[in-house]
Amino acid sequence: MGLRSLHRSASLTKAARWKSRHMARFRYFEHADPSGRSPFQRIADCGFKRRLATGENIAAGQRTPQSVVRAWLNSPGHRRNIEYPSFRYIGVGAVHRRGSVYGWYWTQDFGR
């Protein structure tokens, strides 16, 4: 597709890990946290200052990285984030919480 490789960002990884842990702990599945904070605000709060463009994919229930990526690629909106040519950075979070509704919670945060 001619896309450049994404670079791992410590601040986006922090935001993605926080999001996955938070969804698992408080048993919700939404981009905004229960207090109403948007993913864009969370990403900035976690230190990603290149706020020209950011995006987020979340998922829950898939048991392997392969299955969650396959699910995202089969969803037009999630695929758009993965293939967005302006994104240069990525952070990923995955958390398992035994006894929770979904088990696994996954987050990809992207930035430019």
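Reply: Helices (H or I, at least four residues) and strands (E, at least two) are taken as DSSP runs and numbered from the N terminus. This is a predicted model, in which local features need pLDDT of at least 70 and side-chain atom pairs count only at pLDDT 80 or more, while totals for chains, interfaces and linings use all residues. Residues are numbered from 1 along each chain as its sequence is written, and side-chain values use heavy atoms, with hydrogens and water left out.

Me: Which pattern does the protein chain follow when read along the sequence?
Reply: The protein chain holds four helices and four strands. Read along the sequence, these elements give the pattern β-α-α-β-α-α-β-β.

Me: What radius of gyration does the protein chain have, and what would a compact globule have?
Reply: The radius is taken over C-alpha atoms, and the globule rule is 2.2 Å times the number of residues to the power 0.38. The C-alpha trace spans about 40 × 30 × 20 Å along its principal axes. For 112 residues the rule gives a value near 13 Å for a compact globule, and the protein chain agrees with it, at 13 Å.

Me: Which residues of H1 are buried?
Reply: Buried means under 20% relative accessible area, exposed over 50%, and partly exposed in between (1.4 Å probe, protein chains only). What covers the buried residues of H1 includes strand S1 (7–8), H2, strand S2 (54–60), strand S3 (89–96) and strand S4 (104–111). The buried residues of H1 are Ser11, Leu12, Thr13, Ala15, Ala16, Lys19, Ser20, His22, Met23 and Ala24.

Me: How far apart are the end C-alpha atoms of H1?
Reply: The expected span of a helix is 1.5 Å times one less than its number of residues. For the 17 residues of H1 this should give 24 Å, and the end C-alpha atoms agree, being apart by 24 Å.

Me: Is Ser9 buried or exposed, and which residues does Ser9 touch?
Reply: Ser9 is found in the loop between S1 and H1, and its relative accessible area of 7% makes it buried. Contact means heavy atoms within 4.5 Å. Not counting residues up to four places away in sequence, Ser9 touches Phe48, Tyr89, Ile90 and Gly91.

Me: Which residues are linked in a network of salt bridges?
Reply: A salt bridge is a side-chain nitrogen of Lys or Arg within 4 Å of a carboxyl oxygen of Asp or Glu. The side chain of Arg37 meets that of Asp33 at 3.1 Å, N to O, and that of Asp45 at 2.9 Å, N to O. Asp33 is buried at 6% relative accessible area, whereas Arg37 is partly exposed at 21% and Asp45 is partly exposed at 43%. The network links Asp33, Arg37 and Asp45.

Me: With which residue does Arg79 form a salt bridge?
Reply: Arg79 is partly exposed, with a relative accessible area of 34%. With the closest N and O atoms 2.8 Å apart, the partner of Arg79 is Glu83.
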